[in-house]
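My notes follow in the order in which I checked things.

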Amino acid sequence: LPTCAQATPLPVVEPPFPSAMQLRNLLVASLAVAAVGIEVLKKTQLDINQKVYIENSPVLGDGAGEGALNNCQSFADAHVANPAAPTVKVCGTGIKATFFLRGRCEGYYEHQKTVGSCNKGAASESCESWSPSNDARFGAYQSYLIEQC
């Protein structure tokens, strides 16, 4: 028989379940991620008042969807070729559209125009419009970017 001095020590076995501290940390981290996700979701969803029209056709909201949000868009060739077009209208207080003389939504000196109030104090259904009748150079603009305020 082995004596006490000859016995090998038993290995320490960790419990198969995480400790209360680990569970608490996991819960806190999960809640933080969920809160950030909710804020991102709130910010990316537009209400029914947020709309952008080019030549009276919706390009954002009003049945057009939200695909143009945060994506550089080019004007149709017909709008670029017509010096009296486009007429643009941005409705709502949570979005703005920046229009660029150059393609690819690149700024060029003072040749860009931002339309949209971004004024939370204004009526939610308020609209701003711009066209070459306001500035003839606008008839040569080629691209635009719609963003949330």
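I began with the largest nonpolar core, which has 18 residues, and I noted that Leu60, Phe75, Val88, Phe99 and Ile146 touch the most other members. Here a nonpolar core is a set of buried Ala, Val, Leu, Ile, Met, Phe, Trp, Tyr and Cys residues joined through side-chain atoms within 4.5 Å, and buried means under 20% relative accessible area, exposed over 50% and partly exposed in between, with a 1.4 Å probe and protein chains only. Two or more residues of this core come from each of strand S1 (51-54), strand S4 (88-91), S5 and S8, and S5 gives the most, with three residues.

Before going on I recorded that this is a predicted model, in which local features need pLDDT of at least 70 and side-chain atom pairs count only at pLDDT 80 or more, while totals for chains, interfaces and linings use all residues. Residues are numbered from 1 along each chain as its sequence is written, and side-chain values use heavy atoms, with hydrogens and water left out.

Next I looked up Phe99, leaving aside its neighbours within four places in sequence, and found it in contact (heavy atoms within 4.5 Å) with residues including Phe75, Val88, Val115, Phe138 and Tyr144.

I then turned to the sheet, where strands are DSSP runs of E with at least two residues, numbered from the N terminus, and two strands pair if DSSP finds at least two bridges between them. Four strands form an open sheet in the order S3-S8-S5-S6, with antiparallel pairing. Strand S3 (73-74) and strand S6 (112-115) each have a single partner strand, so one side of each is left without a neighbour in the sheet.

Strand S5 (residues 95-100) pairs with S8 (residues 143-148) over six bridges, and Lys96 has Glu147 as its bridge partner in S8. With S6, S5 pairs over four bridges; Thr98 has Thr114 as its partner in S6, and Phe100 has Gln112. How many of the six residues of S5 are buried? I counted five, which leaves this strand mostly covered.

Last, I checked Asn134, which lies in the loop between strand S7 (127-130) and S8. Asn134 is partly exposed, with a relative accessible area of 45%, and its C-alpha atom is separated by 9.8 Å from that of Thr87, 47 residues apart along the chain.
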